[in-house]
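Let's take a walk through this structure together. Please have the sequence and the 3D view at hand as you read.

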Amino acid sequence: TGLLNIKFNNVQPSSIAISNTIGVTIFEEDLAKTENNYSLNLSEFSNGVYFVKILQGSETIIKKIAVAK
């Protein structure tokens, strides 16, 4: 469906950023008012590999995702 769904456990996230494989940030959002679930529509993203960086308290989480249509 083109949605990226993220569930946060017990810690309030502060921000999310998505970058391409050459390190260019193509999406960034403040998540200070987000509850435990967050959804992002990826349908406008081109096919390819992206890195999702989530700042959650003092922790930084980076995950690789692939978009294929």
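A residue is called buried when its relative accessible area is under 20%, exposed when it is over 50%, and partly exposed in between (1.4 Å probe, protein chains only). By that rule Ser-58 counts as exposed because its relative accessibility is 83%. You will find Ser-58 in the loop between strand 5 and strand 6; strands are DSSP runs of E with at least two residues, numbered from the N terminus. The C-alpha atom of Ser-58 is separated by 9.8 Å from that of Pro-13, 45 residues apart along the chain.

A word on the model itself: it is predicted, so local features need pLDDT of at least 70 and side-chain atom pairs count only at pLDDT 80 or more, while totals for chains, interfaces and linings use all residues. Residues are numbered from 1 along each chain as its sequence is written, and side-chain values use heavy atoms, with hydrogens and water left out.

Now turn to the largest pocket, which has a volume of about 160 Å³. A pocket here is an open set of points on a 1 Å grid over the protein atoms alone, where a 1.4 Å probe fits, with protein on both sides within 12 Å along at least five of seven lines; lining residues have an atom within 4 Å of a point. Grid points are joined across faces, edges and corners, and the volume is the space filled by probe spheres set on the points. Strand 1 (3-7), strand 5 (48-56) and strand 6 (59-67) each give the lining at least two residues. Among the lining residues are Leu-4, Phe-8, Val-52, Ile-54 and Lys-63. By class, the lining holds seven nonpolar, two polar and two charged residues; Ala, Val, Leu, Ile, Met, Phe, Trp, Tyr, Cys and Pro count as nonpolar, Asp, Glu, Lys and Arg as charged, and the others, Gly among them, as polar.

Where do two other isoleucines sit? Ile-22 lies in the loop between strand 2 (13-20) and strand 3 (25-30), and its 71% relative accessibility is why it counts as exposed. Ile-26 is found in strand 3 and, at 41% relative accessibility, counts as partly exposed. The C-alpha atoms of Ile-26 and Asn-37, eleven residues apart along the chain, are separated by 21 Å.

Conventions
Helix = DSSP H or I, 4+ residues; strand = E, 2+ residues; numbered from the N terminus.
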